[in-house]
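Open the model in your viewer and get ready to colour and select as we go. We will take it one stop at a time.

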Amino acid sequence: MFIEFFYLLRQHQLKISIKEWLDLIGALDKGLCGPGLLDFYHLCRSILVKSEVDYDKFDQAFAQFFKDFESPFEIPEEVWKWLNGGEKSKEELYDKIDPNAPRYQLEELKQMLEQRLKEQRSCHRGGNYWIGTGGTSVLGHGGFAEEGIRVGGESRYRSALQVANSRAFRDFRQDNIIDTRQFQVALRKLRQYSATVETARTELDIDGTVRETTDNGGFLKLVFEKSRKNTVKLLLLFDSDGSMLRYSRLCSALFQAVHKANHFSDLKVYYFHNCIYEHLYTSPYCVRGEWESTEKVLNTLGSEYRIILIGDGAMSPTELLRPGGNCIIGLYNELPGIYWLERIRDKYPHHIWLNPIEEADWDYAFGHVTIAAIRDLFPMYELSLEGIEKGIKKLLVNR
Amino acid sequence: MNESMNCFKGSQAYVAGPELMYAVNVAIALEKPLLIKGEPGTGKTMLAEAIAESLGKELIIWSIKSTTKAKDGLYVYDTVQRLYDSQFQEGDVADIKKYIHMGKLGEAFTAEAQPVLLIDEIDKADLEFPNDLLWELDRMEFYIHETKETVRAKNRPIVIITSNAEKELPDAFLRRCIFHYIAFPDSDTMRKIIAVHYENVERKLLDQVIETFYWLREIKELQKKPGTPELLDWIRALQLGGVKVERIHGELPFLGVLLKKNQDFDVVCEIKEKGYTRKGWGV
């Protein structure tokens, strides 16, 4: 019956299967749904939505679908009583439809309702002006105005649309910017077990040993297996100063998440200012002298490291493309920043760039020239939960 | 909602919002597991206790650890004991049933009256764990290979599952659950929760405490926000310490009760002094 609602939810990228939909129908059949739209909202949400991340998508879809079903106004108690009273049969009313009745836009209707609520003093049925049941008034229910506001028997103290429209779960959206914990969950996906790569069989497989030994008539026969350890080594390169300051909260969330993640076989973090030149800093404050030479880092870290560069990539083109582009006075670079970026790209086959600027703005934001140049070098993803998940998939792919 | 069936309405010691009650009742009526997520300290585990108490049912708790296997919840076949018994000729070794010990899930299936089964922190276990339980939770039965018996639930238990969102749960598993996310309580609900735990908290003190607590939670630089248990401890500490009400917001006495991390402590101290912080990086 609400099948359009089902498709609308799916349009909003909620992964609802027929199974859940049938569950919902089953629940409705059992009479689990209370009389109000708010009850229906809670019932739908608990059955159809499986993660707080999706609550917001659901709220939006719900508000969109049911927006015409409910009045956003506070309706006085007595008006409800009038409306919930007896109704006239449809036949009685059919001949009263006026084809020349004016049609109203929703906004006008809302204003009319508000005004009428102030004027009306009594119960009303079957007319064409006051709020009431039946009749051709555009306000009320059970009537036959072609367009109008339904004022129907719903939960009175807090409407479902108010709940849905308040979008209290907006912060949990997956494409929203993230907090440390959600970050950690995303990073957990970045793993590759040594059982799936070519390593030596070094761990004693006890079950296998027992099985083989018994099959062998009781003579000990040892079986070894590959150890199940995460073999992923990670090198993080943070742009941590200048134009990145406004994203510092976001970057610090990522930073903390990475530090808490203890499932990497090795983790190295370096920082840079704007672009990578001869030096990589060891602290986010980018203090002169607290650094290692980029050449040395490239030579010591093997190509099995996976690289995540985090930065907005927005700078003046000279900073990226010319010698001497380093904007910190006194640090003249012989080689342009792009040279180092190319070195990194060529040395490490697994690399991504995370950008805190929204993807939609990459072509227009300040620094779009350099962003485009960097996108030619590295696959770039937005620094949001969705972006990270995509990026991590990319990092895991064997090329 | 039908009055005759099991209907959860919260309990004396547990303040449940209407949405949560709705989810619980839907899960009970549809005979599906209820998956509860929420920030630490929002009372996920307490919920199962409250349900069991208010419906007058036995509560069986299966707490999951990183090493827990799905099979552990069904039954354990004590081969070692049987081997010993055969060596020392004690007991009837032929009776395999004697060496089958029910796990928590098995216990819930064989209980005489309908129990409430809490599977606590399901995300602690291996990624595959929830998938391994699909059949058992769907059909409410499992097969014991050693005795060739099928254990079927006498009364379908009410299953409550909690998760701290440390791992993502598989879709196939989620599809079978009713889901509810316990949002962090707003200040009005928090007052009710406090009232349930402490009988007479001075009104002025309560106002100050709640204002300060939500102010702390707003600080985005905090790595671990204080939750309900911390707040309750803090109130107790303030009461015992006899701190003057006016001093609470300005001086933040006993801050260590609320904040559990050094960095968080520093952040709050800096904000208290300067009104802002640059310590977000946690290094």
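Start by showing both chains and looking where they touch: 27 residues of chain B are in contact with 30 residues of chain A, where contact means that the C-beta atoms, placed from the backbone, lie within 7 Å. This is a predicted model, in which local features need pLDDT of at least 70 and side-chain atom pairs count only at pLDDT 80 or more, while totals for chains, interfaces and linings use all residues. To find your way, count residues from 1 along each chain as its sequence is written, with chains lettered from A and ligands numbered from 1 in the order in which they are written.

Which elements of chain B give two or more residues to the side that touches chain A? Select α1 (18-30), α8 (171-175) and β9 (178-182) of chain B; helices (H or I, at least four residues) and strands (E, at least two) are DSSP runs, numbered from the N terminus. The most comes from α1(B), with six residues. Colour this side of chain B by class and you will find 15 nonpolar, five polar and seven charged residues. Here Ala, Val, Leu, Ile, Met, Phe, Trp, Tyr, Cys and Pro count as nonpolar, Asp, Glu, Lys and Arg as charged, and the others, Gly among them, as polar.

Next, stay in chain B and show its strands. Five of them form an open sheet in the order β2-β5-β8-β1-β9, with parallel pairing; two strands pair if DSSP finds at least two bridges between them. At the edges are β2 (59-63) and β9 of chain B, each pairing on one side only. Now zoom in on β1 (residues 34-38) of chain B, which is joined to β9(B) by five bridges.

Now move to chain A and select helices α1 (residues 3-11) and α4 (residues 52-65). Where do they meet? A:Phe5, A:Leu8 and A:Leu9 in α1(A) meet A:Phe58, A:Ala61, A:Gln64 and A:Phe65 in α4(A). The residues of this contact divide into six nonpolar, one polar and no charged.

Finally, colour chain B by pLDDT, the predictor's confidence in each residue, from 0 to 100. The mean for chain B is 83, and 94% of its residues reach 70 or more. Over residues 1-5 of chain B, however, the pLDDT is below 50. Where pLDDT is low, the predicted coordinates should not be read in detail.

Conventions:
Two residues are in contact if their C-beta atoms, placed from the backbone, lie within 7 Å.
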